[in-house]
Amino acid sequence: MKNKSTVAAIVISLTMSYYCSETKAGDPGRSGQAGASELLIDPWAGSSGFADANSACVQGVEAQFLNVAGTAQITHTEVIIASTDYLVGSGIHLSEAGFCQPVGEGAFGFSIMSMSLGTINMTSYDYPDGGIGTFTPQLINIGASYARHFSDYIYGGINIKLVDEAISNVHAFGAAVDAGIQYVAGSEKNIHFGIALKNVGPAMSYSGDGLDFSTPIPQANPIGNTETAEQKSQSFELPSLVNIGAAYDFYLAKDSGTKSVHRLTVAANFTSNSFTEDQEMLGVQYGYKNYLVLEVGYMYQTGNLDVLSTNPTDGGRTNVYTGLCAGATLQYPFGKKHSLIGISYSYRATNPYQGCNTIGIKLDL
(Lines give C-alpha, C1' and ligand atoms only; values in the text may rest on other atoms or scores of the structure.)
Protein backbone atom coordinates (compact mmCIF):
# COMPACT_ATOMS: atom_id res chain seq x y z
CA MET A 1 0.00 0.00 0.00
CA LYS A 2 2.83 2.39 0.86
CA ASN A 3 4.50 1.68 -2.48
CA LYS A 4 1.29 2.50 -4.34
CA SER A 5 0.92 5.73 -2.38
CA THR A 6 4.51 6.71 -3.13
CA VAL A 7 4.01 6.06 -6.83
CA ALA A 8 0.83 8.17 -6.77
CA ALA A 9 2.70 11.06 -5.13
CA ILE A 10 5.48 10.88 -7.72
CA VAL A 11 2.97 10.87 -10.59
CA ILE A 12 1.26 13.97 -9.17
CA SER A 13 4.62 15.72 -8.82
CA LEU A 14 5.63 14.88 -12.39
CA THR A 15 2.26 16.08 -13.68
CA MET A 16 2.74 19.45 -12.01
CA SER A 17 6.27 19.71 -13.39
CA TYR A 18 4.93 19.01 -16.87
CA TYR A 19 2.31 21.73 -16.46
CA CYS A 20 5.03 24.15 -15.42
CA SER A 21 7.08 23.38 -18.54
CA GLU A 22 4.05 23.72 -20.82
CA THR A 23 2.82 27.00 -19.31
CA LYS A 24 4.21 30.21 -20.72
CA ALA A 25 5.74 31.72 -17.59
CA GLY A 26 7.86 34.68 -16.61
CA ASP A 27 6.61 36.92 -19.43
CA PRO A 28 6.52 40.60 -18.35
CA GLY A 29 4.52 41.40 -21.48
CA ARG A 30 1.56 39.57 -19.95
CA SER A 31 1.50 41.68 -16.78
CA GLY A 32 -1.98 42.88 -16.00
CA GLN A 33 -3.70 40.36 -18.29
CA ALA A 34 -4.85 38.11 -15.43
CA GLY A 35 -7.45 38.98 -12.83
CA ALA A 36 -8.19 37.93 -9.25
CA SER A 37 -4.72 39.15 -8.25
CA GLU A 38 -5.69 38.91 -4.57
CA LEU A 39 -4.90 35.20 -4.96
CA LEU A 40 -1.23 36.21 -5.04
CA ILE A 41 -1.26 38.02 -1.68
CA ASP A 42 -0.01 35.99 1.28
CA PRO A 43 -2.35 36.84 4.18
CA TRP A 44 -0.37 35.06 6.91
CA ALA A 45 2.29 36.63 9.13
CA GLY A 46 4.55 33.57 9.51
CA SER A 47 5.16 32.87 5.84
CA SER A 48 5.02 36.47 4.56
CA GLY A 49 7.79 37.44 6.99
CA PHE A 50 9.82 34.60 5.45
CA ALA A 51 9.29 36.16 1.99
CA ASP A 52 7.31 33.00 1.08
CA ALA A 53 10.63 31.16 0.76
CA ASN A 54 9.35 28.30 2.94
CA SER A 55 7.03 26.53 0.49
CA ALA A 56 8.99 23.29 1.03
CA CYS A 57 8.70 23.30 4.84
CA VAL A 58 5.57 25.32 5.65
CA GLN A 59 3.08 23.48 7.86
CA GLY A 60 -0.44 23.90 9.17
CA VAL A 61 -2.94 26.60 8.26
CA GLU A 62 -0.38 28.78 6.46
CA ALA A 63 0.44 25.89 4.12
CA GLN A 64 -2.97 26.36 2.47
CA PHE A 65 -1.51 29.41 0.72
CA LEU A 66 2.01 28.27 -0.23
CA ASN A 67 1.89 24.47 -0.49
CA VAL A 68 -1.22 22.66 0.70
CA ALA A 69 0.75 19.45 1.32
CA GLY A 70 2.12 21.01 4.51
CA THR A 71 -1.29 20.87 6.20
CA ALA A 72 -0.83 17.10 6.57
CA GLN A 73 2.16 17.56 8.88
CA ILE A 74 0.21 18.96 11.83
CA THR A 75 -0.55 16.80 14.86
CA HIS A 76 -2.95 19.16 16.68
CA THR A 77 -5.96 21.27 15.79
CA GLU A 78 -4.68 24.63 14.57
CA VAL A 79 -6.55 27.94 14.27
CA ILE A 80 -5.15 31.26 13.03
CA ILE A 81 -6.85 34.66 12.83
CA ALA A 82 -4.91 37.46 11.12
CA SER A 83 -5.26 41.03 9.95
CA THR A 84 -3.21 42.88 7.34
CA ASP A 85 -2.84 46.61 6.79
CA TYR A 86 -1.94 46.24 3.12
CA LEU A 87 0.11 48.98 1.45
CA VAL A 88 -0.14 51.33 4.42
CA GLY A 89 -1.77 54.57 3.31
CA SER A 90 -3.83 53.02 0.53
CA GLY A 91 -6.84 52.14 2.69
CA ILE A 92 -6.68 48.43 1.74
CA HIS A 93 -7.28 45.93 4.52
CA LEU A 94 -7.22 42.12 4.66
CA SER A 95 -8.98 39.96 7.24
CA GLU A 96 -8.25 36.25 7.26
CA ALA A 97 -8.99 33.13 9.30
CA GLY A 98 -7.93 29.51 8.90
CA PHE A 99 -8.49 26.14 10.50
CA CYS A 100 -6.77 22.73 10.19
CA GLN A 101 -7.82 19.47 11.79
CA PRO A 102 -5.85 16.18 11.68
CA VAL A 103 -8.04 13.27 10.56
CA GLY A 104 -6.64 9.75 10.22
CA GLU A 105 -3.60 9.85 7.93
CA GLY A 106 -4.25 13.41 6.79
CA ALA A 107 -5.82 16.73 7.66
CA PHE A 108 -8.75 18.86 6.55
CA GLY A 109 -8.38 22.61 6.28
CA PHE A 110 -10.54 25.67 5.74
CA SER A 111 -9.60 29.30 5.17
CA ILE A 112 -11.28 32.57 4.27
CA MET A 113 -9.79 35.91 3.27
CA SER A 114 -11.73 39.14 2.87
CA MET A 115 -10.11 42.11 1.14
CA SER A 116 -11.62 45.57 1.57
CA LEU A 117 -10.56 48.40 -0.74
CA GLY A 118 -12.21 51.13 1.30
CA THR A 119 -15.05 53.47 0.36
CA ILE A 120 -15.01 54.95 -3.15
CA ASN A 121 -17.12 57.82 -4.51
CA MET A 122 -19.56 56.94 -7.28
CA THR A 123 -19.20 58.89 -10.53
CA SER A 124 -21.11 58.94 -13.80
CA TYR A 125 -21.13 60.72 -17.15
CA ASP A 126 -23.35 63.44 -15.70
CA TYR A 127 -21.57 63.55 -12.32
CA PRO A 128 -17.83 63.04 -12.99
CA ASP A 129 -16.90 64.54 -9.61
CA GLY A 130 -19.16 62.27 -7.60
CA GLY A 131 -21.77 63.43 -5.14
CA ILE A 132 -24.19 60.61 -5.95
CA GLY A 133 -23.12 58.14 -3.28
CA THR A 134 -20.34 55.71 -2.49
CA PHE A 135 -19.59 52.02 -2.93
CA THR A 136 -17.27 49.51 -1.25
CA PRO A 137 -15.57 46.80 -3.35
CA GLN A 138 -15.35 43.47 -1.57
CA LEU A 139 -13.11 40.54 -2.56
CA ILE A 140 -13.49 37.17 -0.81
CA ASN A 141 -11.52 33.94 -1.24
CA ILE A 142 -12.70 30.74 0.45
CA GLY A 143 -10.61 27.55 0.45
CA ALA A 144 -11.23 23.97 1.57
CA SER A 145 -8.32 21.53 1.57
CA TYR A 146 -7.37 17.95 2.25
CA ALA A 147 -3.83 16.57 2.53
CA ARG A 148 -2.34 13.29 3.73
CA HIS A 149 0.98 11.53 4.11
CA PHE A 150 1.65 8.90 1.47
CA SER A 151 4.61 7.58 3.45
CA ASP A 152 6.81 8.73 6.31
CA TYR A 153 8.53 11.16 3.94
CA ILE A 154 5.99 12.20 1.28
CA TYR A 155 2.99 14.47 1.80
CA GLY A 156 0.47 15.60 -0.79
CA GLY A 157 -2.71 17.64 -0.86
CA ILE A 158 -5.30 19.61 -2.80
CA ASN A 159 -7.02 22.91 -2.09
CA ILE A 160 -10.26 24.03 -3.78
CA LYS A 161 -10.87 27.79 -3.73
CA LEU A 162 -13.88 29.96 -4.49
CA VAL A 163 -13.22 33.51 -5.67
CA ASP A 164 -15.83 36.25 -5.30
CA GLU A 165 -15.37 39.87 -6.40
CA ALA A 166 -18.20 42.39 -6.17
CA ILE A 167 -19.33 45.98 -5.94
CA SER A 168 -22.94 47.09 -5.54
CA ASN A 169 -24.01 46.31 -9.12
CA VAL A 170 -21.24 44.19 -10.71
CA HIS A 171 -20.13 40.73 -9.65
CA ALA A 172 -17.65 38.02 -10.69
CA PHE A 173 -17.41 34.49 -9.35
CA GLY A 174 -14.86 31.77 -10.07
CA ALA A 175 -13.12 28.68 -8.75
CA ALA A 176 -9.51 27.53 -8.65
CA VAL A 177 -7.52 24.49 -7.55
CA ASP A 178 -4.14 24.19 -5.82
CA ALA A 179 -2.14 20.96 -5.53
CA GLY A 180 1.14 20.32 -3.74
CA ILE A 181 3.76 17.77 -2.77
CA GLN A 182 6.32 17.94 0.05
CA TYR A 183 9.21 15.51 0.54
CA VAL A 184 11.09 15.27 3.84
CA ALA A 185 14.43 13.46 4.15
CA GLY A 186 17.33 13.07 6.56
CA SER A 187 17.77 11.23 9.83
CA GLU A 188 16.18 14.18 11.67
CA LYS A 189 13.75 14.97 8.83
CA ASN A 190 15.59 18.23 8.32
CA ILE A 191 15.82 18.20 4.51
CA HIS A 192 12.75 19.54 2.70
CA PHE A 193 11.68 19.71 -0.94
CA GLY A 194 8.35 20.87 -2.30
CA ILE A 195 6.44 21.70 -5.45
CA ALA A 196 3.01 23.32 -5.66
CA LEU A 197 0.72 24.27 -8.52
CA LYS A 198 -1.59 27.17 -7.69
CA ASN A 199 -4.61 29.07 -9.02
CA VAL A 200 -5.60 26.75 -11.86
CA GLY A 201 -9.17 27.25 -12.99
CA PRO A 202 -11.54 28.51 -15.70
CA ALA A 203 -11.62 32.15 -16.79
CA MET A 204 -13.81 34.60 -14.88
CA SER A 205 -15.97 37.47 -16.12
CA TYR A 206 -18.10 40.23 -14.62
CA SER A 207 -21.87 40.52 -14.87
CA GLY A 208 -24.63 42.57 -13.27
CA ASP A 209 -26.82 45.64 -13.62
CA GLY A 210 -23.77 47.89 -13.64
CA LEU A 211 -23.02 46.74 -17.19
CA ASP A 212 -26.48 47.73 -18.47
CA PHE A 213 -27.07 51.00 -20.31
CA SER A 214 -30.03 52.78 -21.94
CA THR A 215 -30.11 53.46 -25.67
CA PRO A 216 -32.78 55.13 -27.84
CA ILE A 217 -35.07 52.90 -29.90
CA PRO A 218 -34.31 54.03 -33.50
CA GLN A 219 -37.84 53.88 -34.88
CA ALA A 220 -39.23 55.56 -31.77
CA ASN A 221 -36.44 58.09 -31.30
CA PRO A 222 -38.58 61.19 -31.95
CA ILE A 223 -40.79 60.14 -29.06
CA GLY A 224 -37.77 59.59 -26.84
CA ASN A 225 -38.33 55.93 -25.95
CA THR A 226 -35.32 53.94 -24.85
CA GLU A 227 -34.43 50.33 -24.21
CA THR A 228 -31.93 48.71 -21.86
CA ALA A 229 -28.96 46.92 -23.39
CA GLU A 230 -26.38 44.73 -21.69
CA GLN A 231 -22.65 45.11 -22.31
CA LYS A 232 -20.56 41.94 -22.48
CA SER A 233 -17.63 41.77 -20.09
CA GLN A 234 -14.30 40.47 -21.33
CA SER A 235 -13.29 37.32 -19.49
CA PHE A 236 -9.95 37.12 -17.71
CA GLU A 237 -7.68 34.27 -16.62
CA LEU A 238 -6.53 33.41 -13.12
CA PRO A 239 -2.89 34.10 -12.09
CA SER A 240 -1.64 30.50 -12.17
CA LEU A 241 1.87 29.74 -10.95
CA VAL A 242 4.21 27.00 -9.77
CA ASN A 243 6.26 27.08 -6.54
CA ILE A 244 9.42 24.96 -6.32
CA GLY A 245 11.20 25.09 -2.97
CA ALA A 246 13.87 23.56 -0.76
CA ALA A 247 14.86 24.03 2.89
CA TYR A 248 17.36 22.70 5.41
CA ASP A 249 17.11 22.71 9.21
CA PHE A 250 20.26 23.09 11.32
CA TYR A 251 19.78 21.89 14.91
CA LEU A 252 22.37 23.78 16.89
CA ALA A 253 21.83 22.43 20.40
CA LYS A 254 19.92 19.76 22.25
CA ASP A 255 18.03 19.83 25.54
CA SER A 256 18.91 16.74 27.63
CA GLY A 257 20.27 15.22 24.42
CA THR A 258 16.86 14.83 22.77
CA LYS A 259 14.87 18.00 22.15
CA SER A 260 16.23 20.79 19.98
CA VAL A 261 16.83 24.11 21.67
CA HIS A 262 18.09 26.20 18.76
CA ARG A 263 17.03 25.68 15.15
CA LEU A 264 18.21 27.58 12.09
CA THR A 265 16.33 27.01 8.83
CA VAL A 266 17.55 28.19 5.44
CA ALA A 267 14.90 28.11 2.71
CA ALA A 268 14.66 29.05 -0.95
CA ASN A 269 11.78 29.12 -3.41
CA PHE A 270 11.37 29.74 -7.12
CA THR A 271 8.01 30.95 -8.38
CA SER A 272 7.21 30.48 -12.06
CA ASN A 273 4.45 32.98 -12.85
CA SER A 274 2.21 32.74 -15.87
CA PHE A 275 1.39 36.45 -16.12
CA THR A 276 4.41 38.30 -14.83
CA GLU A 277 8.13 37.83 -14.28
CA ASP A 278 9.39 34.93 -12.21
CA GLN A 279 10.45 35.40 -8.61
CA GLU A 280 13.22 33.98 -6.40
CA MET A 281 12.88 33.98 -2.62
CA LEU A 282 15.50 33.34 0.04
CA GLY A 283 14.85 33.28 3.77
CA VAL A 284 16.46 32.44 7.12
CA GLN A 285 14.49 31.50 10.22
CA TYR A 286 15.66 31.05 13.81
CA GLY A 287 13.63 29.12 16.37
CA TYR A 288 14.15 28.81 20.12
CA LYS A 289 12.26 25.70 21.29
CA ASN A 290 8.53 26.41 20.81
CA TYR A 291 8.74 29.88 22.31
CA LEU A 292 10.31 32.21 19.78
CA VAL A 293 10.67 32.35 15.99
CA LEU A 294 12.54 35.11 14.12
CA GLU A 295 12.76 35.29 10.34
CA VAL A 296 14.00 37.47 7.53
CA GLY A 297 13.65 37.01 3.80
CA TYR A 298 14.13 38.62 0.42
CA MET A 299 12.04 38.26 -2.70
CA TYR A 300 13.85 39.06 -5.95
CA GLN A 301 12.10 40.00 -9.15
CA THR A 302 13.67 41.75 -12.12
CA GLY A 303 13.75 45.48 -11.45
CA ASN A 304 13.12 45.25 -7.69
CA LEU A 305 15.06 48.43 -6.98
CA ASP A 306 14.21 50.26 -10.20
CA VAL A 307 11.73 53.09 -10.51
CA LEU A 308 8.12 51.86 -10.52
CA SER A 309 6.84 51.59 -14.08
CA THR A 310 3.36 51.33 -15.56
CA ASN A 311 4.74 49.83 -18.78
CA PRO A 312 6.02 46.25 -18.28
CA THR A 313 8.05 46.35 -21.50
CA ASP A 314 10.27 49.32 -20.63
CA GLY A 315 12.39 47.45 -18.08
CA GLY A 316 11.14 49.24 -14.96
CA ARG A 317 9.71 47.74 -11.80
CA THR A 318 6.14 46.42 -12.05
CA ASN A 319 5.85 44.99 -8.52
CA VAL A 320 5.02 47.17 -5.53
CA TYR A 321 7.22 44.98 -3.27
CA THR A 322 10.88 45.96 -3.03
CA GLY A 323 11.98 42.59 -1.65
CA LEU A 324 12.77 42.79 2.07
CA CYS A 325 10.53 40.93 4.55
CA ALA A 326 10.84 40.16 8.26
CA GLY A 327 8.74 38.67 11.00
CA ALA A 328 8.59 37.33 14.54
CA THR A 329 6.43 34.88 16.50
CA LEU A 330 6.06 34.47 20.26
CA GLN A 331 4.37 31.32 21.56
CA TYR A 332 3.41 30.13 25.01
CA PRO A 333 2.72 26.45 25.78
CA PHE A 334 -0.15 25.55 28.10
CA GLY A 335 -2.19 22.56 29.20
CA LYS A 336 -1.22 18.90 29.35
CA LYS A 337 -1.53 18.22 25.62
CA HIS A 338 1.32 20.52 24.52
CA SER A 339 -1.12 23.21 23.39
CA LEU A 340 0.24 26.57 22.23
CA ILE A 341 -0.99 30.11 21.91
CA GLY A 342 1.06 32.58 19.92
CA ILE A 343 1.14 35.96 18.25
CA SER A 344 2.94 36.70 14.97
CA TYR A 345 3.92 39.87 13.14
CA SER A 346 5.42 40.45 9.70
CA TYR A 347 6.50 43.43 7.63
CA ARG A 348 6.96 43.59 3.86
CA ALA A 349 8.74 46.60 2.35
CA THR A 350 7.04 48.37 -0.55
CA ASN A 351 7.50 51.40 -2.76
CA PRO A 352 5.27 53.37 -2.98
CA TYR A 353 3.27 53.27 0.30
CA GLN A 354 4.68 52.41 3.71
CA GLY A 355 4.87 48.64 3.51
CA CYS A 356 2.50 45.88 4.63
CA ASN A 357 1.89 44.99 8.27
CA THR A 358 0.36 41.64 9.23
CA ILE A 359 -0.48 40.47 12.73
CA GLY A 360 -1.92 37.07 13.59
CA ILE A 361 -3.00 35.02 16.60
CA LYS A 362 -2.38 31.28 16.52
CA LEU A 363 -3.87 28.56 18.67
CA ASP A 364 -2.74 24.91 18.70
CA LEU A 365 -4.98 22.58 20.71
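Modeller: Ala 36 is buried, at a relative accessible area of 4%. Buried means under 20% relative accessible area, exposed over 50%, and partly exposed in between, with a 1.4 Å probe and protein chains only. Ala 36 sits in the loop between helix H1 (2-22) and helix H2 (45-48). Its phi is near 50°, a positive value in a residue other than glycine. Most residues other than glycine have a negative phi, and most peptide bonds are trans.

This is a predicted model: local features need pLDDT of at least 70, side-chain atom pairs count only at pLDDT 80 or more, and totals for chains, interfaces and linings use all residues. Residues are numbered from 1 along each chain as its sequence is written, and side-chain values use heavy atoms, with hydrogens and water left out.

Leu 87 also has a positive phi, near 50°. Leu 87 lies in the loop between strand E1 (78-86) and strand E2 (92-103). Leu 87 counts as buried because its relative accessibility is 9%.

A cis peptide bond joins Asn 351 and Pro 352, with omega about 10°. Pro 352 is in the loop between strand E18 (339-350) and strand E19 (356-364).

Now the setting. The protein has three helices and 19 strands. These are DSSP runs numbered from the N terminus: helices are H or I with at least four residues, strands are E with at least two. Of the 365 residues, 45% count as buried. Contact means heavy atoms within 4.5 Å. Among contacts with a separation of 6 or more, 57% come from residues 24 or more positions apart.

Strand E13 (residues 241-255) holds Val 242. Val 242 is buried, at 2% relative accessibility. Val 242 and Asn 273 are 31 residues apart in sequence, yet 6.7 Å apart in space, C-alpha to C-alpha.

On the surface there is a nonpolar patch that includes Tyr 248, Phe 250, Leu 282 and Tyr 300. Its residues have about 860 Å² of accessible area together. Patch residues have over 30% relative accessible area and no salt bridge; like charges are joined within 9 Å, nonpolar side chains (Val, Leu, Ile, Met, Phe, Trp, Tyr) within 5 Å. A salt bridge puts a side-chain nitrogen of Lys or Arg within 4 Å of a carboxyl oxygen of Asp or Glu. E13, strand E15 (279-288) and strand E16 (292-300) each supply at least two residues of the patch. Leu 282 is in strand E15.

Technical notes. Areas by Shrake-Rupley, 256 points an atom, 1.4 Å probe, with all protein chains shown as cover.
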